[in-house]
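Take a look at the model, then follow the points below.

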Amino acid sequence: MNIFINTVSLDDISSRSGRIEKRFPLIYFWLKDYYFQQSPENFEKTSWSFNDELLKIQDNTDLQIKLKENPPDIIGLSLYLWNEDVLLNNARWIKQHFPNCLIIAAGPNADTRIEWMSEHTYIDIAVPGPAAETFRRILDAQLDKDSVHDIAGVNYFNGTDVIRNAAVPRNQDPLILNYVNNFREEVVDLLDEYTSKYSSVIVLTMYMQGCPYSCSFCEQGTSLWTKVLTRDIQHIYDEIDLLAQYPNMMYEFADANFGIVPAYETIIDYIIENGNGNITMKKPPFAKNNVDHTFHLMDKMINAEIYYNDHYGNLTLQDPNPEIVKMNGRPFSKEYEKIIAFQEYTRDEEHKMGQVEIILGMPGQSYDTLTGSLYELVKNNLLSHYLPYFYLVFPNTVLTSPGSTVNIQSNKVFVRRERAFTKGFLDPLIDTAQIGYNQIVSTDTITSKELISSHYHWTLMCHLYGFLGWIRTPIHYIKAYHNISNKEFIQEYTSRFHPSNWQNLPDSIRLDLQASHRWLIGDDKLIQRKDNTGQYFLAPRRISQYRFHANYDDFHTLLISIFEKLIGTNDKHFYELMKWQGAKVLSFDNHSHSNKILSYNYDDIAQDKSESYWKSSWSFDHSTQDLTEKMINLIDIDYIPQMNIEEISPDLQVELKLK
């Protein structure tokens, strides 16, 4: 029996080099190894293969030939939001060419609702939740020529209704994963191939499966996952021992709560002691763990130089408003302790890179509550370069399960390049969608325009306040010299982006918001907003950050009008401060922009550091960099200038006293 596993685990692109970091096919080895261990008498009757390419089978003639040479009997699809469209297209093609094969869909995006299953009738079986044991039983039944329709965990469409069988009891679906020993030769051959082709290899692994929490936005918030299972830790060590023999290996845990039990620290220690300096940890999912222990583990990895992430610090909030979080099934316990610990951990970071997780579009949020939440993050110095997420809708969550009374409107939005959506600014001038995200676009308490406005101004503030620190200077100034609070500034700032005020915004910003809204609600499948050169489309997630650097004069005008509303128009020094701020900005494509200025140091003035100040000649030098190349290749941009100072002639010197 020929078994073909089709999944796409998206490769990463290094922000340091722009080179590909290739992911190892865990799902394929997991299912194969599970069957090898649990049905050894039948394993010899099976032949296994996989494909994890993003290229659709209909366009992949080489794969078509391989499938025709060994016609598949069983197809296993591992559906995630980033690969659902490709894999469903593949499944349709396979069913057309191999109508007798059995196609099984599992993974977070395996939907068992009648609307989905009646649309995708080429999917024979869907398995929500843990699927390894169900998959094993299906294979055994096929070999024995028994019916698969009564197997636990199987869901299927009978032409009229969806038949849903109860899931396999968790104690019958153990987390047994030992493929590096059971299929060592195949694993070594693949590692040899990948390490010769790619800058790094990302090996996904698990120690624990399941989660004790019930968050509405997470598949593992349902009762299918509340029974937590662990794996033989020796098999983790065996993986580490093998990976340590290869350079540039990344170890990535798919566990829901890395660090929640002491064994995780033991695993870290083992990597440090036995990894030969070849293994780094790729962004462990700390999630809702004890914050002191989280930072302890992070410190240990950073000090041992095995932590592959620029986000030093991790805080999972979703929303700092406790009522919103509770409404979405997340206990708001000890969050303030976590905030204090995070503040201390990132205290010396001028340019915040810590990971503060926020979700926009959660049921219960409104434009006003999000304004309050943004202020809370500013007040607590919690904004970072890590951007908020749109609320992603998965089919097997508390929110989407039968009986849910939460009223939401969702839409599948599409992007040209997945990594450009999450990390970058620019996309090629193509109208081909690589990936779709099913997102909440409105609820009973927030409209789609309010949501896109919130995302636009929020991601901008993450950049200006959290990372660059650029807007802290004028905010400090109006507090010190006009007694205007941060809260008053945030309220005025967010009000300018409210949909009722779009018509008053500069054209470049207004057109960004209109195009982003059309994309969010599906009027345009892909965002149709180009960069200022007309050579590239903009990636929708960081569009406001692009606009700040590409059309700084428009933002200067907008910010001036905000501050004038708060402090009036009679403070001439404030206008000089804004000129000083303008000189700091890295401009993307405005060649008339100057990074030199004759000025007082308004950073010091804003913080009231002295009784008097003196002018100097300043230059804010940004490193030489091809910004377009960096943006299109998703390489980190150097935003922070080198500040240089020169004395000026005495006849130009004037002492400044403000207090």
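Which helix gives the most to the lining of the second largest pocket? That helix is α17, with 3 residues. Keep in mind that this is a predicted model. The points below start from the pocket, then turn to strands and single residues.

**The second largest pocket**

- The volume of the second largest pocket is about 610 Å³.
- Its lining is made up of 27 residues.
- Nearest the centre of this pocket lie Glu350, His351, Leu468, Lys584 and Asp603.
- Three helices each supply at least two residues of the lining: α17 (472-482), α20 (543-550) and α23 (602-606).
- By type, the lining residues divide into 11 nonpolar, 8 polar and 8 charged.

**An open parallel sheet**

- β16, β17 and β18 form an open sheet of 3 strands, in the order β16-β17-β18, with parallel pairing.
- β16 (314-318) and β18 (389-390) stand at the edges. Each has a single partner strand, so one side of each is left without a neighbour in the sheet.
- Helix α13 (residues 335-345) packs on this sheet and touches β16 and β17. The direction of α13 makes about 145° with that of β16.
- Between β16 and β17 (residues 355-360) there are 4 bridges, in the parallel sense.
- Asn314 stands opposite Gln355, which belongs to β17.

**Two residues with positive phi**

- Gln318 is not a glycine, yet its phi is positive, at about 70°.
- Gln318 has its place in strand β16.
- Is Gln318 buried or exposed? Gln318 has a relative accessible area of 5%. The cut-off for buried is under 20%, so Gln318 counts as buried.
- Asn276 also has a positive phi, near 55°, and is a residue other than glycine.
- The loop between α10 (263-274) and β14 (279-282) holds Asn276.
- Asn276 has a relative accessibility of 59%. Exposed means over 50%, so Asn276 counts as exposed.

- Leu204 sits in strand β10 (residues 200-205).
- With a relative accessible area of 22%, Leu204 is partly exposed.
- Which residues does Leu204 touch, not counting those up to four places away in sequence? They are Leu26, Tyr179, Glu252, Phe253 and Ala254.
- Leu204 and Phe253 are 49 residues apart in sequence. In space, their C-alpha atoms are 5.8 Å apart.

- β24 and β25 run antiparallel and are joined by 5 bridges.
- Ser619 has Asn644, in β25, as its bridge partner.
- How many of the 5 residues of β25 (residues 642-646) are buried? The count is 0, and the strand is hardly covered.
- Gln607 is found in the loop between α23 and β24 (616-621).
- The relative accessible area of Gln607 is 47%, and this residue is partly exposed.
- Gln607 and Gln535 are 72 residues apart along the chain. Their C-alpha atoms are separated by 42 Å.

Notes: Residues numbered from 1 in each chain as written. Predicted model: local features only at pLDDT ≥ 70, side-chain atom pairs only at ≥ 80, totals over all residues. Heavy atoms only, no water. Pairing = 2+ DSSP bridges. Contact = heavy atoms within 4.5 Å. Axes fitted to C-alpha atoms, helices over the stretch in contact; angles between N-to-C directions. 1 Å grid on protein atoms, 1.4 Å probe; cavity = no way out; pocket = protein on both sides within 12 Å on 5 of 7 lines; lining within 4 Å. Points joined across faces, edges and corners; volume = space filled by probe spheres on them. Nonpolar A, V, L, I, M, F, W, Y, C, P; charged D, E, K, R; others polar. Buried < 20%, exposed > 50% of the residue type's maximum accessible area, 1.4 Å probe, protein only.
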